Amino acid sequence: MHPKFCSQCGAPLDLRLADGRPRPVCPDCGLIVYMNPLPSVAAILYSAGRVLLVRRGIEPGKGLWGLPGGFVERGETTQQALVREVEEETGLICAPVDLIDVQSVIGGFYGDVVVVCYSAHVLAGTTCAGCDAAEVGEFPVDELPPMAFETHRKFLHCFQAGLT
């Protein structure tokens with residue numbers, strides 16, 4: 001699915017070959033619409049052998065667990081998005097530390113998504129479920145509950161490999 005009208009001039013878009021791929025192109029002003037993946041972030045908050053997870057209160061994966069995180073908003077860096085999302089979902093203020101991994105999800109619930117995962121340290125706050133999280137819990141990194149996203153399992157695996 002692609003936009004039907006040009007965001008620059010309002011003309012109906014045509015599907016044409018542009019930069020080697022079929023893309024929506026405006027026949028009036030020439031705007032090429034690039035259907036890029038959505039950028040998102042995930043945080044690994046780890047302490048004393050346990051990782052902080054949130055039980056999802058919304059789809060996709062409602063009722064399952066995942067790393068705190070979400071979509072990067074316009075005008076913010078991935079690190080800023082991480083801090084915002086962690087606070088929204090857990091009540092905790094954190095500082096990103098290390099880039100753990102980057103994964104792509106093709107054709108998921110929201111379409112194509114690029115997920116950037118950082119480890120982070122908690123600086124302040126009181127743990128409480130907020131925003132789209134139904135619950136917050138800490139789990140041994142080798143005894144995870146049912147997870148909503150395979151990418152989060154992969155991130156935790158990468159993180160664990162770096163601990164040894």
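Here are a few notes on the salt bridges and the backbone of this predicted model.

1. Let me start with the charged pairs. Across the whole structure, a search turns up five salt bridges. Side chains of opposite charge can pair when their charged atoms come close.

2. One of these bridges links Asp14 and Arg16, with 3.2 Å between the closest N and O atoms. Asp14 is partly exposed at 30% relative accessible area, and Arg16 is likewise partly exposed, at 37%.

3. Arg84 deserves a look on your screen. Its salt bridge with Glu76 has its closest N and O atoms 2.6 Å apart, and Arg84 also pairs with Glu85, at 3.0 Å. Glu76 counts as buried because its relative accessible area of 18% falls under 20%; Glu85 is buried too, at 8%. Shared partners tie Glu76, Arg84, Glu85 and Glu88 into one salt-bridge network.

4. Now to the backbone. Most residues other than glycine have a negative phi, and most peptide bonds are trans. The bond between Glu59 and Pro60 is cis, with omega about 0 degrees. You will find Pro60 in the loop that runs between β4 (50–56) and β5 (65–66).

5. Asp19 is not a glycine, yet its phi is positive, about 55 degrees. This residue sits in the loop between β1 (14–18) and β2 (21–25), and Asp19 is exposed, with 55% relative accessibility.

6. Ala48 also has a positive phi without being a glycine, here about 50 degrees. Its place is the loop between β3 (38–47) and β4. With a relative accessible area of 76%, Ala48 is exposed.

Notes
Residues numbered from 1 in each chain as written. Predicted model: local features only at pLDDT ≥ 70, side-chain atom pairs only at ≥ 80, totals over all residues. Heavy atoms only, no water. Salt bridge = Lys/Arg side-chain N within 4 Å of Asp/Glu carboxyl O. Buried < 20%, exposed > 50% of the residue type's maximum accessible area, 1.4 Å probe, protein only. Helix = DSSP H or I, 4+ residues; strand = E, 2+ residues; numbered from the N terminus.
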